[in-house]
Protein chains: 2
Amino acid sequence: MGLKPVFLGLGSFVGKGSPANNLQTADIDLRLVGRKSITIHCMAKATDASLSPFFDPQSVVVIGVSANPDKLGYGIARNLVNCGYKGAIHFVNPKGGTLFDLPVYTAVNQLPEAVDLAVLLVPAQVVPDTLEACGEQGVRAVIVASGGFREVGAQGARLEAACLDVARRYGMRLMGPNCIGLMDTHLPLDTTFLPPPAPPTGEIAFISHSGAICAAIVDWSRGQGFGFSRLVSLGNQADVTETDVLAPVAADDHTRVLALYLEGVSDGRRFMQMAQQVTRQKAVLALKVGRTGGGKKAAASHTGALAGEEVAYDAAFRRAGIQRAQTAQEMFDWARALAWCPLPSGNNVAVLTNAGGPGVMAADAVEANGLVLTSLAESTEERLCEILSAAASVNNPVDMLATASPQQYASSLRLLLNDGNVDAVLLILPPPPMFTAIGVARQIIPIIKAATKPVVVALMGDNLIQEAQDAFRGAHIPTYPFPETGASALAALAHQANILAQEEEPVLLEGIDIAAARELLTATEPGWLSQEIINSLLHTYGIRTPAMALAQTAAEAGAVASEIGFPVALKIISPDIVHKSDVGGIALNLAGKAAVEQAFAQMVTRAHEAHPPAELSGIQVQRMIPGGQELIVGVTRDPQFGPLVMFGSGGVEVEGLQDVLFELAPLTRAAAQRLLHETWAGKKLAGYRSIPPADETAVLDILIRLGQMAVDLPRLAEIEVNPLLALADRATAVDVRARIS
Amino acid sequence: MGLKPVFLGLGSFVGKGSPANNLQTADIDLRLVGRKSITIHCMAKATDASLSPFFDPQSVVVIGVSANPDKLGYGIARNLVNCGYKGAIHFVNPKGGTLFDLPVYTAVNQLPEAVDLAVLLVPAQVVPDTLEACGEQGVRAVIVASGGFREVGAQGARLEAACLDVARRYGMRLMGPNCIGLMDTHLPLDTTFLPPPAPPTGEIAFISHSGAICAAIVDWSRGQGFGFSRLVSLGNQADVTETDVLAPVAADDHTRVLALYLEGVSDGRRFMQMAQQVTRQKAVLALKVGRTGGGKKAAASHTGALAGEEVAYDAAFRRAGIQRAQTAQEMFDWARALAWCPLPSGNNVAVLTNAGGPGVMAADAVEANGLVLTSLAESTEERLCEILSAAASVNNPVDMLATASPQQYASSLRLLLNDGNVDAVLLILPPPPMFTAIGVARQIIPIIKAATKPVVVALMGDNLIQEAQDAFRGAHIPTYPFPETGASALAALAHQANILAQEEEPVLLEGIDIAAARELLTATEPGWLSQEIINSLLHTYGIRTPAMALAQTAAEAGAVASEIGFPVALKIISPDIVHKSDVGGIALNLAGKAAVEQAFAQMVTRAHEAHPPAELSGIQVQRMIPGGQELIVGVTRDPQFGPLVMFGSGGVEVEGLQDVLFELAPLTRAAAQRLLHETWAGKKLAGYRSIPPADETAVLDILIRLGQMAVDLPRLAEIEVNPLLALADRATAVDVRARIS
């Protein structure tokens, strides 16, 4: 397996692509992704070779350099020369001359050799011609730093398309336009124009859709005491996208964490495939912005109404093992911990403090972040009693009191790290009144570095802790100004450990006649499916429904009801009526033939009143099942990430109660279980007060089957079961709507 | 009104207290608090005169000074001398000598004059005697900085009680023990031992239960570029509490914001009264820690089970107009904005940026913080078009593009501030690639300072924005490292404006016979109330119930049902059975006499099976009302803050769905409306899909009446209506339980 390209396991899409994008995505089946046999260890081999000139160029040419230090074209030349890049550097500017003791060629075709990577900072209008010249010259990859393309309107978009055409024609990969390029602090390589000094080397790679964010983050990080391994600014992504760079960046040995600033993704399912592989080895964090302004569109189903773009991103990131940060600060707070700390083997946190207040703050934050303020082993507490003052608190949080010496910090920390009940330590260090913070730092740094459990430090203050701050940062121990952020970082570590422990394979049920199901839909017009077809579909997928039949007359309804058995429900069936209950199109608990006939007549009248042109297919007579818990299960399609399964509390109030969650289809068992464990509807299946328990396994099974149906049947735009009735020994789909596109 | 003590309007509790605590709280009626006539303008007069020696002492003695710079007793002397305190300074230490050119007296009784304020840093055991000496010497207030009291155990607690005894005996007020004292940067006064430099002067007062947090925050604030007006470390609060210092600190002209670090409050209702007055004039922020570890106690009602301590704090802070921060960082992010910015007159925010990425981030954050990304006036957009480049985006967020000049920043900002659709501006300033951040700062600072609308700046970066950072801080314009924190600060400003606009008076209904209601309870044993008494109570408070009667036999039940009218419900009535549905003690929809009699018999059997010793009072026959929306309304008592009203979705799943909110009783109209507007149960009253609208006014009225009942009847421990049935034209209390203590 070692040398085999990783994509071989993924089906038919290797090598079929265009030179500029050799991955085809249309027919990718997510069920094949994430199989354990596809390991990340061969990821470097899987990296698209056409991208390697970006990340390991033998030579770089900057086209559009300037001798004027105020110009960005000077900045790029300066950074490339000063960064210590070891390959050949060439400059081009029609004016010629020399710059940083290197000749400036007057045109691309004057270059003395074929060059791997070109960085363009020339006016937008001349970029296509310049690309043409690069292609002729054998350039393999281009960073277009110039702006003035798609971001400025239609004319710019046409120019951008022209650039892409040229690049494709020559088999050159193109990063940008409208980006600030890339940086590798270890190689080193710096094609940006960012003002010096460059960030220090580090373990965090930052991939950003926004150049301004890149520039700000690189500057900001200096004050935060962490560096970067790589920085990739993607700009307009005419060619190279966030998905393309995931694998090559993750393959970098210096990179331990990938931090992504995303304004969206360009191909959701392909992004998922790459991310699922990358996250098996490297921690991936994402700040996805652009939540607003989309505005939810009117939707005919609850599922459609509740499944916004953000819900899909959340589900996709969760499935891919990407941690989604809410703010930039949070992303980098987490990134430092993930870059520098070992992962904990559980959620049990011990807090070590020299003051009560910050200890309480820490205890709150530990629990607010979903971690556990652990109970210490008795032996730990006994030993702590021996080394601490009598008034100290040896329960967690361990409060050594203000007099705590550096030695007490060290000994107590050692005891906590040796306690089997402790998976991680949050150490609190406000300016100690009797000692110095640096004194404490010196004692504990070797202990933290030697530990196999993570320790993060809430180092509170400014002047008084500066020296300690430097010492911790130098030792790559993450510090935070308050216990709250420290606890949040510990939670990211625990979450990362969970991601790695996750069972990744979606459940694939055997024995479903997919061909028959597809056949059913082939003959059908786009729109809402008839009850007959829905019933056949459900039958094919092994999903139970109550006994039912369609009646055209009141008399027929009465007869059918007598056969099925009472009580029955009547439901109006009309292609024009989606929400039956809104037009009085549902009658429940009809206990005899007469009641059925009367209800039939009323329903027809009401339906015609409410929807004068409504075409009635008939009225469905359905056996009513007493009791049970009302659930909703729905599947809808996200334009980026494909089918999403929704589960939650059913009934008419679905959108109001919002007791629903989403997961990507097909479901893994863990994902299906999460839907149950994290909703009230799911928890209640175990029984609650006077509500008897219901068949959780049957519900789980139906979730998986519906998810599979959505994957098998691409024409199935949405399907919603509401209610799905969960009974003691089964679950049955009482009311189902489905639409094909 | 001007010179009248503010408390006169509050009833009988002025001047009745002990010398050490002249406010009595037991009988305070919250209904009288917050009346508009009680304005804050006379607050300074209301300040407890016994506390003035802390905040404006004519002379200070430090007892326990040291000549050894490593000792805290040296630190206090140093800070007091160096801070520039203008009153007389005295030192005491048995060794005598001189310190900072001042004589060190060998004993308190050697002092040459009566001293206002004494600061003690002597061993715990000698504190009581030292206090005695202070009392003899005429000292009026004492800060006990020494530790070794209640915080170290029972013996320390006894010592602390002894200290309080001495203080009370001499009419001295006591701050601490185990505190770091106080600081006033404007007076100036500094009785702390914190290492220099002291924080710069500022507009934020910090009141803290934790000395360590004080020390850390003071040090941390230096790097954050803001100062403090006052700092009060309360320590163990043997005498002076957080409530005591609210008014005197708020009365300080230099203080614009009070930031509180609280581990609880010592007297909830008194805290409320003080806070409600203070927040009319000054912004008050609180970080309340200690959420964990309490553990919810088992409760017999849903209301009791859901009403934790934190819920009560949230409701109390909300009512008092205190903004509750979730983290220390957040509290001071908000505090700076509140100290330096005018309040907005609405929630409409404009974002001004030179880069798209941060603009999107800002737009997300504006909406995530409950603010509105406003639409700009057409004329504003037109003018922006004129001054910005063609590719700029003149919709909100206004993106001037990377080339934006300082002049464009200034002109655009002016246009936004002049737009009537804009209440506040979030200005984004990452390092501009073509200009400098300080260049932009210089242009916009005068505009921001002249504006009557708040502007906060997301100043992104470190090195490249340092000069701009200093300029903004110097001009008292709040900056934040990212748009997200800037938006959060704007939200705090908008929230503060809402607090000031809030209608504060609880609703008082006339014509309720409180005496009769009290009479009803007087004769009753503690425990659950009988249905008869409950019915009388509800009747007294004008709360409607369905027709009902108690039956002792099946035949009687049948007869009663025939009289009341079908359908009826049967409910078991037993002092031993609280949750009727759990034991099959409820039968619904009984449509005839036979059904009633049969259900009666079954119910009695089932109840005896479930609770063999259960004593049955009978079975209640109640007219069933078809349709309606099921709500829950409950009242329970918080030990600190008194009665809390809960409202939300009713039924058996209350605790699972958690669609409930709490407000303090008695309710203001705004509080009652919030209960409705922010729960699904309340929103649904307007009707939803097939659910017809219900009588919202009637529900609001019942909420207010129940709240008032809880206030009128202190013995009423809890009352819960579940369901409260909301119908088209009324709301009726279908099932009610109540307990007295």
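The following conversation walks through a predicted model of two chains, A and B.

Student: What should I know about the model before I start?
Tutor: The model is predicted, so local features need pLDDT of at least 70 and side-chain atom pairs count only at pLDDT 80 or more, while totals for chains, interfaces and linings use all residues. Residues are numbered from 1 along each chain as its sequence is written, chains are lettered from A and ligands numbered from 1 in the order in which they are written, and side-chain values use heavy atoms, with hydrogens and water left out.

Student: How many residues of chain A are in contact with chain B?
Tutor: On chain A, 64 residues are in contact with 65 residues of chain B, where contact means heavy atoms within 4.5 Å.

Student: And what area do the two chains bury?
Tutor: Chain A and chain B bury about 5,200 Å² between them, 66% of it on carbon and sulfur atoms. Buried area is the accessible area (1.4 Å probe) that two parts lose on being put together, summed over both.

Student: How many salt bridges cross that interface?
Tutor: The rule finds six salt bridges across the interface of chain A and chain B. A salt bridge is a side-chain nitrogen of Lys or Arg within 4 Å of a carboxyl oxygen of Asp or Glu. A:D364 and B:R291 meet in a salt bridge through their side chains, at 3.9 Å from N to O.

Student: Changing topic, at what angle do α12 and α17 of chain A cross?
Tutor: The axes of α12 (residues 356-368) and α17 (residues 483-501) of chain A cross at roughly 35° and come within 8 Å. Axes are lines fitted to C-alpha atoms, for helices over the stretch in contact, and angles run from 0 to 180 degrees between N-to-C directions. Helices (H or I, at least four residues) and strands (E, at least two) are DSSP runs, numbered from the N terminus.

Student: Which residues make that contact?
Tutor: From α12(A) come A:P358, A:M361, A:A362, A:A365 and A:V366, and from α17(A) come A:P483, A:E484 and A:A487.

Student: Now the sheet in chain B: what is its strand order?
Tutor: The order is β24-β27-β25-β26 in an open sheet of four strands of chain B, with antiparallel pairing. Two strands pair if DSSP finds at least two bridges between them.

Student: Why is one side of β24 and of β26 left without a neighbour?
Tutor: β24 (548-551) and β26 (586-590) of chain B stand at the edges with a single partner strand each, so one side of each has no neighbour in the sheet. From one strand to the next, the twist averages 20°.

Student: Which helix packs on the sheet?
Tutor: Helix α21 (residues 593-610) of chain B does, touching β24, β25, β26 and β27 of chain B. Its direction makes about 25° with that of β25(B).

Student: How many bridges join β25 to β27 in chain B?
Tutor: Six bridges join β25 (residues 568-573) to β27 (residues 618-623) of chain B. B:K571 stands opposite B:Q620 in β27(B).

Student: Where is B:P567?
Tutor: B:P567 is found in the loop between α20 (554-564) and β25 of chain B. The peptide bond joining B:F566 and B:P567 is cis, with omega about -5°.

Student: What about the bond from A:N396 to A:P397?
Tutor: That peptide bond, from A:N396 to A:P397, is cis as well, with omega near -5°. A:P397 lies in the loop between α13 (378-387) and β19 (398-399) of chain A.
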